[in-house]
Amino acid sequence: MQTLALLLGNANLPGFAEGTLYQGPLKRLCLPGLNCYSCPGALGACPLGSLQNGLADPLMRIPFYVLGFLILLGGILGRFICGWLCPFGLVQEVLHLIPGRKFRPDPALRLQKGLLRIKYGVLAVFVILIPIGGLYIQGYGIPAFCSYICPSGTLMAGIPLILANSEWRPLIGWLFSWKMIVLVGFLAGSVFLFRPFCRYVCPLGALYGLFNRISLYRVVVDRDRCDECGLCSRRCPVSLPVTRDADSPECIRCGACAAVCPRQAIRCGFAARRQPDEKAGGSHA
């Protein structure tokens, strides 16, 4: 499904050979994942890039379409988008399949909790404050996350465009070199840690994660069936205590916990609903 989402969102294959961008009517629409507008194959726009450009617009046009798009998808799917529809998430997962020692950070550690909050700071500073601040200080804002951080943009847009357009190569400067360092760092880290960029830095994941507790797509634990064996938490790729916090903003709705549950106590999907006693903390009559 991740591969299909990647191919459908980047179906302008001639763009990779020609080093050109698709500029048709579909480009006005946002794709759900972190899929760069400047990728030669992209048929749509990245919602984060569109949000930053709207906030940085000298004409001060509030990006209501992008905000509505994010709220709609977040309310329906939550971070299911991260687990199933994001191209850069797929790249990290493939690299994690390379054999070697794997690290599973304990989510209960204070350091780990602090690291998990970094993405909210990136969202606030690089996606919102810097674009708006630049607009009011100098008359135009800077899409700071896209310009200084986004490894997906470097991989899917920067590298293919430079490879296809030799006249652009002399223009490579410190900024592209910096972004290559960021990209290589996250790609290398993905071999040892499951989705490090998604865990700690991605502001789009931070946005979608805010909706996990209210989204229509849910992960629900049936307390009557669960025997607290812990197998689901050991299998969870992001090391969540599934039975205690299935609605965590860190859950990417991958379904691994439900797949390994021997008692079929975990349900994933739109039909999954909380049991009344989970909210109230009581028990069934």
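Modeller: Let us begin with burial: Ser215 is buried, at a relative accessible area of 1% (buried means under 20%, exposed over 50%, partly exposed in between, with a 1.4 Å probe and protein chains only). This is a predicted model, where local features need pLDDT of at least 70, side-chain atom pairs count only at pLDDT 80 or more, and totals for chains, interfaces and linings use all residues. Residues are numbered from 1 along each chain as its sequence is written, and side-chain values use heavy atoms, leaving out hydrogens and water.

Biologist: Which residues is Ser215 in contact with, leaving aside its neighbours within four places in sequence?
Modeller: Contact means heavy atoms within 4.5 Å. By that rule, and with those neighbours left aside, Ser215 touches Gly74, Gly75, Ile76, Leu77, Gly78 and Arg253. Its side chain also reaches the backbone oxygen of Tyr217, at 2.8 Å.

Biologist: And how do I read a pair of helices?
Modeller: Two packed helices are described by the angle between their axes and the distance between the axes. Here, helix α1 (residues 2-9) packs with helix α6 (residues 87-96) at an angle of about 135°, the axes being 9 Å apart. That makes α1 oblique to α6 (angles under 35 degrees count as roughly parallel, over 145 as roughly antiparallel, 65 to 115 as roughly perpendicular and the rest as oblique).

Biologist: Which residues meet there, in α1 and α6?
Modeller: Gln2, Thr3 and Leu6 of α1 meet Pro87, Gly89, Leu90 and Glu93 of α6.

Biologist: What is the mean pLDDT of the chain?
Modeller: pLDDT is the predictor's confidence in each residue, from 0 to 100. The chain's mean is 91, and 95% of its residues reach 70 or more. Over residues 277-285, however, pLDDT stays under 50.

Key. Polar contact = N/O pair within 3.5 Å; in protein donor to acceptor, adjacent residues only side chain to side chain. Axes fitted to C-alpha atoms, helices over the stretch in contact; angles between N-to-C directions. Helix = DSSP H or I, 4+ residues; strand = E, 2+ residues; numbered from the N terminus.
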